[in-house]
Amino acid sequence: MRAALSSRVSAFHERDFFRDRFTPEELRSLAGNRPLSELFSARSPSIAKLGLDASAMTEAQMLEWMAKEPRLIRRPLLLVDGKLVVQPKAAELAALLS
């Protein structure tokens, strides 16, 4: 992903959200009008390790857990021209950057 971005755009900001974690407010702002479930990685192995039932979680619980445990955030997250793109496929990424 980093190589594709570097070759197509002159500048981008990268955030390691394992070191610089998102606050619940930042996550809510990133999601905008989208449901938080679009950012929540319900298939993450961390779900089972933490003993969570993703299908029974409220948005408030998802938000709380994503702030506590970044592995529960689907990645990569790209903010392109103010629009959030979650886990883009290669073709989608190419179209965004062209």
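Helices and strands here are DSSP runs, helices of type H or I with at least four residues and strands of type E with at least two, numbered from the N terminus. The model is predicted. In these terms, Glu69 belongs to the loop that joins helix 4 (59–68) to strand 1 (77–80). Its relative accessibility is 17%, and buried means under 20%, so Glu69 counts as buried. Beyond its neighbours within four places in sequence, Glu69 is in contact with Arg21 and Leu50.

Helix 4 spans 59–68. The charged end of Lys68 is placed over the ring of Trp65, 4.5 Å from the centre of that ring.

The aromatic rings come next. How many aromatic pairs does a search of the whole structure find? The search gives 2. In one of them, Phe17 and Phe18, the ring centres are 5.9 Å apart and the planes stand at 15°; planes under 30 degrees apart count as stacked, so this pair is stacked. Phe17 has a relative accessibility of 10% and therefore counts as buried, whereas Phe18, with a relative accessible area of 32%, is partly exposed.

Phe17 also pairs with Phe22: the ring centres are 5.0 Å apart and the planes stand at 40°, so the pair is tilted. In this pair both residues, Phe17 and Phe22, are buried. Taken together, the ring pairs link Phe17, Phe18 and Phe22 into a cluster.

Notes
Residues are numbered from 1 along each chain as its sequence is written. This is a predicted model: local features need pLDDT of at least 70, side-chain atom pairs count only at pLDDT 80 or more; totals for chains, interfaces and linings use all residues. Side-chain values use heavy atoms; hydrogens and water are left out. Buried means under 20% relative accessible area, exposed over 50%, partly exposed in between (1.4 Å probe, protein chains only). Contact means heavy atoms within 4.5 Å. Rings of Phe, Tyr and Trp (its six-membered ring) pair if their centres lie within 6.5 Å; planes under 30 degrees apart count as stacked, over 60 as edge-to-face and the rest as tilted. A charge sits over a ring if NZ of Lys or CZ of Arg is within 6 Å of the ring centre and within 35 degrees of the ring normal.
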